[in-house]
Structure formats: C-alpha cells, structure tokens
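Q: Let's go through this one feature at a time. I'd like the general idea, then the case at hand.

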Amino acid sequence: MTVLDAAPDRVDPPCPYAKPGRCGGCDLQHVAPEAQLTWKAGVVREQLTRLGGLTGAELDALGVQVEALPGGPLGWRSRVRYTVDGAGRAGLLKHRSYEVVPIDRCRIAHPAIQQLPVLGPVRWPDADAVESVASTGGDVTVTADGDGATRPVGGPEQVGEQAAGRQWKLPPSAFWQVHPAAADTLVVAVLAQLDPRPGETAWDLYGGAGLFAAALAGRVGATGRVTLVEAAGAGVAAARDNLRDLPQSTASRAGSPRCWPAGRSPGRWTWWCSIRPGPGPGLRWYGPWPAPERARWRTWPAIRRPSPGTSAASGRAGLAAGRAARLRPVPDDQARGAGGPAVAARVAAPSAERSLTERSA
C-alpha cells in the first residue's frame, strides 16, 4: 500500500511491526494520539446510535468523550500473551489472521515485559502460547500453555496488584485490567454513577477478583450486602481471598444456565436463561441468540427483582451499545419461573436509580 496524500493526523508508527500485513495488535499507531481519541469517540457514538438505539439528543446529553489514561501510548500494557508458531517462535498474530508474526519486542508492553527473554532467538518447542505479566505490585511472571495445561516458567505463583486503596493477590492467569491506571479509573467511574449508600445491596456480575465488589462493600458498609458472581474458577478463588476482610461481601461461581425458547424473530430464536449462583435471588439473562448454549455469554443479565440502578463498564463499544439496547423492563408474562417480574435497569443514568453493578472482562 502506498500513501499518496497523507492526512494531517497521519504519523509514522512507532512500532516497525504496525504495518499492513504485519502485527494486528495495534490498528491506530499511524494516527496521532490526540486524533485517536477523537476517532474513538466517534466510534462510540456510532455504536450507541446503530446498536444501542440512542438518538442524537440522547448522545449529546451523555457527553460522549474518550480520554487517555496516564502514561502515554507506549510501554503501558501489563499483560501480553504471545502465540507460538510451528518453529517454536513466540510472536503476535497477523492482522485478521492466525498467522504468527515473530517480533523482537512489543512496544506497548510494560518495560519489564519487554526485557524478558521470551522473544527473538528463544524457542518454545512445547508451548502453544506464552503469557507475561508485570503487575502494579512489582511482580513479573512468565507462564507457558501447552497440551491443555499451563506451567510456570518464572516469577511468583501469585502476583500483587494495587488498586482502590487495597492490595490484591491473584494468579497470573486471573483477569485483571491490562492498563496500570484502568482499575482505579473504572472504580471511580462506577462509584460516581451508582453513589452506593450504607445498608444497600449490590451485585457485581462478571466480578473477576473482586475489584468493584470491594469498592462497593466499602460504601454499603457492615449493614449492606455485596454479591459477586464470576464464571472463572480462578477469579472466584481470588475474589474470596481478597474480600476475606469484608464480611458483607460474598463471591459465587456461576454454573451452567437453564435455557428455553421464548419466541422467534426472523432468522433467530430468543432464549430465556436462568442461573442461580447460590442462596438468594436468581440471575436472569434475556436476549436474542441462535443457540441456548451461547446465551450464557452473550445476553444482558438482570436481577429478578427491580434494581435501583446499573453501571456497566465495557472494554468494547459494540458490546456496551448492545447491552444498552437490552436495558429495558422485561414483560411480566415472560418472566417464567422467576417468582416475579425481571427488570433490567438503565445505563448511564447515575441520577436516576442506583445499586446493581455489571461489568465485562
């Protein structure tokens, strides 16, 4: 590809692998950082309009904007997963391909990750993937995946993270935000939206290691209750360990849902799915998807009773917009077996109703 007339915001990519036919990890390195923010804000608005059904006036009222996290555009990513090719070389996937592009280092990776001896001449004959972690607590680990198992290569079995005024311990494989400033930034945003108060009840769905649950527990206090639900076993175990000093919080592992068809639209079925993480009210999913076994992961959760509010934190604009479209009251006659109506709250309405939290990994 040849650029005949470059746009004013076009720059030379800082990474030599960020080119057509090369690494597909960074799509916008040829765009000036400030222009990237403007472009991303446009993507969010378009997705909320096309998928979320919001009007221009509603978008203007929301004041959609994209702000950069501190630290600059390079050297920030605290978790990098490399794929190993047939020759045993670790690298990143080619743009829109499963082909591995061997690299010498990833420019957006944390400096401690860039210094690890996992790339270049190093070979991984028994691995399918290699994952490197540099935590905010100063721990650096390397693990290798192969033959359906993960084996430690170097570093501690658990890494330390610092966020929301707390110290966290979790396995390197457990979910954590990849930008060092993301965890604190999201906690501030969620608490500002929900404004949780003493004595209230909160649900942290897809709660990971308990980041939001801990922040909510601090606000609802000893008379409140926070229930975290997570599908990954490593996440549930980490959440239980990290929330041990907060007796008003509990962590439950989500099991397989029970699904049945609720109707059909052109080309696809709509499925109801119900899941119970343990004692207490069941969680309920509702959304149109072609097969019930996929509904667990791709539909919007709602509590079986009316919720005072919802805060959604999502890393993908399309996913957030699709959820916004589904945040509507569920008809009572469709709330089968729920013991009452299932109601989903509204998104981005911090002044309206409060208390239920949902987030996406």
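**Reading a predicted fold**

Q: What is the relative accessible area of Lys169?

A: Lys169 comes out at 42%, so Lys169 is partly exposed. Keep in mind that this is a predicted model, where local features need pLDDT of at least 70, side-chain atom pairs count only at pLDDT 80 or more, and totals for chains, interfaces and linings use all residues. Residues are numbered from 1 along each chain as its sequence is written, and side-chain values use heavy atoms, with hydrogens and water left out.

Q: Where does Lys169 sit, and which residues is Lys169 in contact with?

A: Lys169 belongs to strand β8 (residues 166–170); helices (H or I, at least four residues) and strands (E, at least two) are DSSP runs, numbered from the N terminus. Contact means heavy atoms within 4.5 Å. Setting aside neighbours within four places in sequence, Lys169 touches Asp139, Gln158, Val159, Gly160, Ala238 and Asn242. Take Gln158: 11 residues away from Lys169 in sequence, with the two C-alpha atoms 6.1 Å apart.

Q: Which residues of helix α6 are buried?

A: In α6 (residues 233–242) they are Gly235, Val236, Ala238, Ala239 and Asn242. Looking down the axis of α6, these buried residues stay within an arc of 165°, so they line one face of the helix; the arc is that of the directions from the helix axis to the C-beta atoms. They pack against β8, β10 (225–230) and β11 (249–253).

Q: How many residues does α4 have, and which of them are buried?

A: As background, an α-helix has 3.6 residues a turn, so residues three or four places apart point the same way. Helix α4 (residues 182–194) has 13 residues and spans 18 Å from first C-alpha to last, close to the 18 Å expected at 1.5 Å a residue (1.5 Å times one less than the number of residues). Its buried set is Ala182, Ala183, Val187, Val190, Leu191 and Leu194. Down the α4 axis they fall within an arc of 150°, so they line one face. Val188 and Ala192, on the other side of α4, are exposed.

Q: At what angle do α4 and α5 cross?

A: Two packed helices are described by the angle between their axes and the distance between the axes. The axes of α4 and α5 (residues 211–220) come within 10 Å and cross at roughly 45°. That makes α4 oblique to α5. From α4, Ala183, Leu186, Val187, Val190, Leu191 and Leu194 meet Leu211, Phe212, Ala215, Leu216 and Arg219 in α5.

The axes are lines fitted to C-alpha atoms, for helices over the stretch in contact, with angles from 0 to 180 degrees between N-to-C directions. Under 35 degrees is roughly parallel, over 145 roughly antiparallel, 65 to 115 roughly perpendicular, and the rest oblique.

Q: What follows α4, and where is Pro198?

A: Asp195 follows α4, with a positive phi near 50°. Pro198 lies in the loop between α4 and β9 (201–205), and Pro198 is exposed at 66% relative accessible area. Beyond its neighbours within four places in sequence, Pro198 contacts Arg219, Val220 and Thr223.

Q: What is phi at Asp147?

A: Phi of Asp147 is near 55°, a positive value in a residue other than glycine. Asp147 is in the loop between β5 (140–146) and β6 (149–154), exposed at 78%.

How values were computed: Buried < 20%, exposed > 50% of the residue type's maximum accessible area, 1.4 Å probe, protein only.
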